[in-house]
Amino acid sequence: MTILEFSLLVWIGSFTAGFLGALTGLGGGVVIVPLLASVFGVDIRYAVGASLVSVIATSLGAASTYIKKGYTNLRLGMFLEVATTIGALIGALIATFISVKALTIVLAVVLLYSAYLSQQPKLDNLESESPDPLGNYLQLNGSYPAPEGVVSYQVHSVPAGFSVMFVAGVISGLLGIGSGAFKVLAMDQIMRIPFKVSTTTSNFMIGVTAAASTGVYLARGYIDPALSMPVMLGVLPGAFLGARVLIGVKTQTLRIVFSLVLVLMACKMVFNSLTIGAA
């Protein structure tokens, strides 16, 4: 395989990853890392480095569209980013001392859990029970546009959501996947924010989280420009397209396809890890 062929295939895979990442809020890195590591045979640490760069591109590509449309809760995103940034720095530091096999197994588990999360039912409208006092104090409540008009929502369980965001940051720094699944989990299921708001706010946040850990990988020499460039050039237009499609699409079919891809990637990663371990 020539360098041009390799770059073209990486671009196609990255475009698809950026599209899916922007559309679902899971982050394109959850596809890019196993794609580079298991399909193209790239060392997982360099795959994580390229993925972190792509996650920043995904966030930039999608966030501007979502903010203009009024879906992203900027105040909530910036507040929760404190937890994810600290977690990302810790995860990036830990990653340099963990074996490749251990990283592979952890990634496979995260992939399977992300597939499980993508199949959980999401409700776009939830009646508020009792708003979180901390959420009210920090003015984290908001609204978003819907076919029937502007819909207001209340933020719940702020401390629990903040804690899950810290874990999401650690996973992001450790695996370079953006950990969008855990961000969506925290906002959509724990803090009970409408799904589209959770997805768009997650896309806004993953870029900051990835940027916090990219510096560590860059200092360790795990970001290869020759690999990161086609990944970023593929992810960015894919993210723009995904952001535009999300506004009016129902994502249930995409969830099924995406979860199947995650399961297949996880199985291949585990198989490769066991094969290498037995060799």
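Reply: Helix 3 (residues 44–69) and helix 9 (residues 195–219) pack with their axes 7 Å apart, at an angle of about 145°. Axes are lines fitted to C-alpha atoms, for helices over the stretch in contact, and angles run from 0 to 180 degrees between N-to-C directions. Helices (H or I, at least four residues) and strands (E, at least two) are DSSP runs, numbered from the N terminus.

The model is predicted: local features need pLDDT of at least 70, side-chain atom pairs count only at pLDDT 80 or more, and totals for chains, interfaces and linings use all residues. Residues are numbered from 1 along each chain as its sequence is written, and side-chain values use heavy atoms, with hydrogens and water left out.

On the helix 3 side, the residues in contact (heavy atoms within 4.5 Å) include Arg45, Gly49, Leu52, Ile56, Ala63 and Tyr66. Their partners in helix 9 include Thr200, Phe204, Gly207, Ala211 and Tyr217. The residues of this contact divide into 13 nonpolar, eight polar and one charged; Ala, Val, Leu, Ile, Met, Phe, Trp, Tyr, Cys and Pro count as nonpolar, Asp, Glu, Lys and Arg as charged, and the others, Gly among them, as polar.

UniProt, in an unreviewed entry, places "transmembrane region" features at spans including 46–67 and 203–223; such annotations may be inferred rather than shown by experiment. Residues 46–67 are 100% helix, with end C-alpha atoms 32 Å apart. Residues 203–223 are 81% helix, and their end C-alpha atoms lie 22 Å apart.

The protein as a whole has 11 helices and two strands.
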